[in-house]
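Good morning, and thank you for the time on today's agenda.

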Amino acid sequence: MKDMLVQVEPLIPALRRYARALMRDRAAADDLVQDCLERAVSRWHQRRDGSVRAWLFTILHNLAVTQFRQTTARGRHMSIDDAGEQELVSAAAQEQRLIYRDVLSRLARLPEEQRAVLLLVAVEDLSYADAAKVLGVPVGTVMSRLSRARERLQQEMDGAGLGNVVALRSLK
Amino acid sequence: MSQRPITEDDLHAYVDQALEPERRAEVASYLDEHPEVASRVAAFAKQREQLRGALASIADEPLPAELNLSHIIENRKRRPLRGWGAIAAMLLLGLGGLGGWTMRSVLQENSTGLSALAQEAAYTYGVYAPDHVRPVEIRASDSAEFTKWVSNRLKQPVKVPDLSVAGYRLMGGRLVATSHGPAAMLMYDDNRGDRLVVLTRPMSGRNQDTPMMPQSTGDVAGFAWADGGLGYTLVGQLPTDTLRPIANEIRKQARPI
């Protein structure tokens, strides 16, 4: 149990961050992480060789997917406006906060599978192979989802940027 | 210098700092020559920085008590498995005078049919699935010997399903005792270390052919059914949606011809 403590504990903040970015709700995300940790404790000895990080993210991701499915089945719908960026962005300067809120609202508009890939790779620093394991898809799928996620995020940003340019011109 | 062509994947790996130094240099010099690609890559890198910045503070928050790993480990020691908690509760009820009747009715209700089999499987899972020293008595490499032995003991031909299509490998099996006589336990696992238990034993009386039903005991869930006098159950700590197709596969393979 000692080695588990040493290997798992440092990863809890990252698990929380991933859960919250996916769920966009602090309480729901922490519940999910708690569930994940309980499973990790009970299955520690069943773990195969390989990255503990990838193993934990796999458990967490599967729990999140199950949760999403149940939420969808119950017909509860979380709108984009309801996305809870307030929950996500806390300690940042005012100006920075607006930029962060903007990128998170664009992230929220991505399909769930693209959002998961982008978070795992770009924020949680999982290798492409580990991200593939977590999501249960081939590496090629990870790459194509990543590419689509980035293009889509960028398109929205350019769209917004274009608006800004027009606004600036009209000021002149 | 002969260069491999730069691919879309290389550009993303460049953004994610996942390239070997040599390849990274190759991509960098490609970007120097292709400003329009370079600006796309720069935009992706900026996205990445913004996302990381926006989410960074979450990882710095102090952990709430529920996420204290030492607490979680301690709680688990006190409460080994929810299934066992249920048995303990029933036994405690049984000790009380009035409670004796309560337990009797509970036991009668569950003592026949598929729910009894599923409960036996859940208890078997609770005992052997967490075991990392000897979860099975006979290993998969000796599955022919195992099949012969349990078929003799169960007085019915027992088949060992191949679950590789579902990503599960046979670890092996053992004979377990139930209140309905001996049963054959098979254990499977996948690359993540998730374990599944298949328990099979002869069914009595009117339960010889029963359609597949979902079952759950504590946090162990699965499916049970009976075909041609043999009862089967598949249990694990996975969502029922995940277990259902595996149960169907077992049923297909184990069905008497």
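This is a predicted model: local features need pLDDT of at least 70, side-chain atom pairs count only at pLDDT 80 or more; totals for chains, interfaces and linings use all residues.

**Two chains and their contact**

Of the 172 residues in chain A, 35% are buried.

Let us begin with how chain A is built. Chain A contains 9 helices and 0 strands. As for contacts within chain A between residues at least 6 apart in sequence, 62% of them join residues at least 24 apart.

Chain B has 9 helices as well, together with 7 strands. Of its 257 residues, 31% count as buried. Among the contacts in chain B with a separation of 6 or more, residues 24 or more positions apart account for 55%.

I turn now to the place where the chains touch.

The largest nonpolar core has 49 residues. Those with the most contacts inside this core are A:Ala19, A:Leu60, A:Val117 and A:Ala131. Which elements give two or more residues to this core? They are α2, α3, α4, α6, α7, α8 and α9 of chain A, together with α3 (35-60) of chain B. Helix α7(A) provides the largest share of this core, 8 residues. Apart from this core lies another, of 42 residues, which includes B:Tyr123, B:Ala129, B:Met185 and B:Ala247.

Leaving aside residues up to four places away in sequence, A:Ala19 touches A:Ala29, A:Leu32, A:Val33, A:Leu60 and A:Ala64.

A:Ala19 also takes part in the packing of two helices, where the contact is made by A:Ile12, A:Leu15, A:Arg16, A:Ala19, A:Arg20 and A:Met23 of α2(A) and by A:Arg26, A:Ala28, A:Ala29, A:Asp30, A:Leu32, A:Val33 and A:Cys36 of α3(A). By class, this contact of α2(A) with α3(A) has 9 nonpolar, no polar and 4 charged residues. The two helices pack at an angle of about 135°, with their axes 8 Å apart. Helices α2(A) and α3(A) are therefore oblique to each other, and their crossing is right-handed.

Helix α7 (residues 112-123) and helix α8 (residues 128-135), both of chain A, pack at an angle of about 140°, with their axes 10 Å apart. Why are α7(A) and α8(A) described as oblique to each other? The angle is about 140°, and only angles over 145 degrees count as roughly antiparallel, so this pair is oblique. The crossing of α7(A) and α8(A) is right-handed. In this pair, A:Ala116, A:Val117, A:Leu120 and A:Val121 in α7(A) meet A:Tyr128, A:Ala131, A:Val134 and A:Leu135 in α8(A). By class, the contact of α7(A) with α8(A) has 8 nonpolar, no polar and no charged residues.

Between these two helices there is a loop, and A:Asp125 lies in it. A:Asp125 has a positive phi of about 60° although it is not a glycine. Is A:Asp125 buried or partly exposed? A:Asp125 is partly exposed, with 15 other C-beta atoms within 10 Å.

B:Gln17 has a positive phi of about 55°, although it is not a glycine. B:Gln17 is found in the loop between α1 (8-15) and α2 (21-33) of chain B. With 10 C-beta neighbours inside 10 Å, B:Gln17 counts as exposed.

B:Ala144 is exposed, with 9 other C-beta atoms within 10 Å. B:Ala144 and B:Val160 are 16 residues apart in sequence and 9.1 Å apart in space, C-alpha to C-alpha.

Notes
Residues are numbered from 1 along each chain as its sequence is written. Chains are lettered from A and ligands numbered from 1 in the order in which they are written. Axes are lines fitted to C-alpha atoms, for helices over the stretch in contact, and angles run from 0 to 180 degrees between N-to-C directions. Helices (H or I, at least four residues) and strands (E, at least two) are DSSP runs, numbered from the N terminus. Angles under 35 degrees count as roughly parallel, over 145 as roughly antiparallel, 65 to 115 as roughly perpendicular and the rest as oblique. A crossing is left-handed if the near helix is turned anticlockwise from the far one by less than a right angle, and right-handed if clockwise. Two residues are in contact if their C-beta atoms, placed from the backbone, lie within 7 Å. Ala, Val, Leu, Ile, Met, Phe, Trp, Tyr, Cys and Pro count as nonpolar, Asp, Glu, Lys and Arg as charged, and the others, Gly among them, as polar. A nonpolar core is a set of buried Ala, Val, Leu, Ile, Met, Phe, Trp, Tyr and Cys residues joined through C-beta atoms within 7 Å. A residue is buried if 20 or more other C-beta atoms lie within 10 Å of its own, exposed if 12 or fewer, and partly exposed in between; C-beta atoms are placed from the backbone.
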